Amino acid sequence: MADLLLIVRLAGRRVALPAADVEGVVELEGITAAPRAAPHVAGLSALRSRVLTVIDGLASLEFGRAGAGGPLEAIVVPSGGHTYAILVEAVEDVVEAARTPVAVRAPVGAGWERVAAGMVEAGGDLLLLVDPHALIAGPPTARAA
Amino acid sequence: MDDLINDFLAETRDMLQALSGVIVAWEAEPSDRARLDEIFRFVHTVKGNCGFFDLPRLQQLSHAAEDVLADVRAGRRGADARLVSAVLAVIDRIGELVQALETGEALASEDDEQLISALGKAPAVPALDPEPPAPAPETKKAMRSIRLSVDLLDRMMNGVSDAVLARNELGRRLRDGDRDVALEAAFERLSGCIGEIRDAITRTRMQRIDSLFTALPRMVRDLSAELGKQVRLEVDGGDVELDREMLEMIRDPLTHIIRNAIDHGIEPAKERAAAGKDKAGRLRVAARQAGNQILIEVADDGRGIDGEALVRKAIAAGIVTAEKAETLSPQRRLALVFAPGLSTAGEVTAISGRGVGMDVVRANIERIGGVVDVDSRAGEGVRLVIRVPLTLTIIPALTVSAGGQIFAVPRSAIEEILRAGTGVAHVERVGESSVATIRGRRVPLADLCDLLGVAASDEGRKIVLLKPAGGDSYALAVDAVHDHEELVVKPAAPAVMAAGLYAGTTLADDGRPILLLDPSGMAGQAGFRFDEAEVAGRGDEAGAADAAARETSLLLFRGLDGGLRAVPVPVVERIEDVPAEAVRFSAGRLRVSLAERILPLAGCAEPPKEGKLRLLRLTDGAAEIAYGFAEVIDIRSLALELRPPPHPGELAGVALIDGLQVEVLDPHWLFAAHADAARPAGAPPVCALPEGDPWMDNMLRPLIESLGYRVVAAGEGVEADVLIACAEGEAPAGVAAGSVLRLRTRAEVDGENDNSIYRYDRGALVAALSRGEAKERADG
């Protein structure tokens, strides 16, 4: 059976995430700030009665911060016993991977390098496969903190 | 002991279940060595345990089966069908006995012998048919306990916590929308149900601390033997309950503290004798509940912590500078035992005090929201107090705000809440830091807004006085103080915890996430250290001590009659719910039965008709009484100005707290009026009774025991304070007695030298026995 991929728009690019890692897609109602937390943490939000730690996808790639206001599209990813919501610009679709991911042989660019798990063909396009857990872990400085 | 027996029975039942397949297989293939060994191990284990628990019937059966199986294993006997079925019959009987013990029923013992003789070589009954064991009669009581995995309990707890939050959200939406009385009534009912389920599940997670304490005697014995020291262990408060998970979390720190006490605290017998102490060291481990916290105290009477050596070591390790060390008060010096870096074993051998991994102990306890305090007197011993919250998941908290956002602070760390810029508390800038002076006591001040890096509001700021671990109080300035809430706290993600300020996350009633602040983490982030805190704290110690002396920590509660009352917290041992049936009007007063004791009940006019009754268990150190109440309101620390009542009674007076009249209980009067007279401390006096006299046993013995005597049977070599004898017969020989009390059966005196007492002259009996007791106490 082919792997399912979730296609999202992040930092202006279309990227793929393994759908198996993703619990769902939500529109967050609001974010409570978590002052002094790691820089890629946008804050906290609630999903039903669970607390979600909101990860700013842009900040995790060290591309700045997501703009305030507007709809807050996020994908829900459980990782390491906690549940995270990764902010993305848009969620597009769930598609079947045409074939297994392969390693990218060229540099994919600063920021992307750390979260890239390879490239994958889906729906006729070649997309960067992103590891959501690497997005959650954030830039190395945050991890060291 | 009961717990141990129950554990043993449950374990045996489990083993039997696991063994049932093996038994069947062995029956089919008696030469199967592996199966035989398994069954042998089972009866062997049962035999061993029975000896310990004094269960002679089980022991006899398992012993007989073990003997036969040993013969088979050694090849002395063949495992023929008759032998197999005889063994199986014995194992079935063991199962029946275990069940009978659990349900408390009697099981006829006649055919035990028959089963055992069936194991013998000669067939006792012609070819004992593999008669199936009589199926357990249907009428037997069902088992009242089952064993559950903690995982399942956790899932239930999480589910209920979620249900509580979902209920809160639903409630909020209902309030926002149009009113619908029928819908609201249904919601109220649902809400009540969820609350009850939460209470029940919280209780299932509670376990008596006994399960932690039962391992202590053995550990102390082994350790003291290993170190060649004599240690007398006293354990108290085993019936205090706390969260299972919490229990596991304090197991290691407690073990560590006790090991330290025996290793470094208690001196060898010779040294103790030289210091004029009892040869055997005393180690006291006690638990009690105080409000929402459990206090575990470990005290020894050893040599105490050598503060000087500790400071020298700390200077050498670079933890404090020599100049700073000069200014440390004794309390701060002791707190150095918790400093990391003083902890590696190699360094510690040079110190005569303690320090082995105490930083780890503190870290572990703080991780579960607890604190640990140390107190030591040179030559007199060390007292460590661990304070942990009742449960990990629901904690009482105070919500505060900073920069327009709500945060929660655990209630356990809060000493006091003050308004900034009033007479009580004023704040001064000292260089780049702030110091708050609160009633003559100076503490460093941190601003929550600065800590969080958010903009502060200017008006009406409040100061929360916090006391995290290690005794370093500090003040925290916040924009506003909101409310007390019971919060379901969950751990925060690592990227959030990295801030070093938070202890977890939770959801408010309106569904917004709230971060729970970590008081000791904030102190660390603010850069408060022992030494700095100390310099600031030295301001006016006398004034602080004075202020502290005038303050009383009070538990505010609502009585059953709806009245607002308060009782000093140290008097409250714990809070407990009992079913209404536990309360009875018996022997002239209201009493309540708890686990294994009966306590006098005050604060309650008549037994409750149904439901449950909440109790405060009050203690004066020796006696205990129960006090019925409706709900806990708060714990407050204040200097009381009491208006005394016109007549002495249950109330010491009325005080004004938060503008409300609160009746303050008078514990002295309560105990004088209600407590059962305390037994004299120490060993009770001993009274020897002649054996085999039914009148003595049935009529006299209860009277003697009610006077505080321990009754023993008179006989050769018995030592007693009082010996009872019949005036008509000979006194039992061989008893070394302080005095002999002769009782006669006739009412009239027999001759002038008759100093015996008529056996129904209660007054004279009581007087004579009280004299014996008084003599004993005077001697002692």
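This is a predicted model: local features need pLDDT of at least 70, side-chain atom pairs count only at pLDDT 80 or more; totals for chains, interfaces and linings use all residues.
The contact between the two chains draws on 20 residues from chain A and 20 residues from chain B. On the side of chain B that touches chain A, two or more residues each come from helix H6 (150-176), helix H18 (494-497), strand S17 (502-507) and strand S18 (513-517) of chain B. H6(B) contributes the most, with three residues. By residue class, this side of chain B comprises 13 nonpolar, four polar and three charged residues.

Within chain B, the axes of helix H2 (residues 33-53) and helix H3 (residues 56-73) come within 8 Å and cross at roughly 145 degrees. The crossing of H2(B) with H3(B) is left-handed. Residues making this contact include B:Leu36, B:Ile39, B:Phe40 and B:Val43 of H2(B), and B:Leu58, B:Ala65, B:Leu69 and B:Val72 of H3(B). Ten residues of the H2(B)–H3(B) contact are nonpolar, five are polar and three are charged.

Chain B also contains an open sheet of five strands with mixed pairing, ordered S2-S4-S5-S7-S6. Strand S2 (231-236) and strand S6 (371-377) of chain B form the edges, each pairing on one side only. Neighbouring strands of the sheet are turned by 10 degrees against each other on average, direction ignored. S6(B) and strand S7 (residues 381-389) of chain B run antiparallel and are joined by seven bridges; B:Asp373 has B:Val385 of S7(B) as its bridge partner.

Two helices accompany these strands. Helix H10 (residues 244-265) of chain B packs on the sheet, touching S2, S4, S5 and S7 of chain B, and its direction makes about 175 degrees with that of S7(B). Helix H16 (residues 358-367) of chain B lies across S6 and S7 of chain B and runs at about 140 degrees to S6(B).

Technical notes:
Residues are numbered from 1 along each chain as its sequence is written. Chains are lettered from A and ligands numbered from 1 in the order in which they are written. Two residues are in contact if their C-beta atoms, placed from the backbone, lie within 7 Å. Helices (H or I, at least four residues) and strands (E, at least two) are DSSP runs, numbered from the N terminus. Ala, Val, Leu, Ile, Met, Phe, Trp, Tyr, Cys and Pro count as nonpolar, Asp, Glu, Lys and Arg as charged, and the others, Gly among them, as polar. Axes are lines fitted to C-alpha atoms, for helices over the stretch in contact, and angles run from 0 to 180 degrees between N-to-C directions. A crossing is left-handed if the near helix is turned anticlockwise from the far one by less than a right angle, and right-handed if clockwise. Two strands pair if DSSP finds at least two bridges between them.
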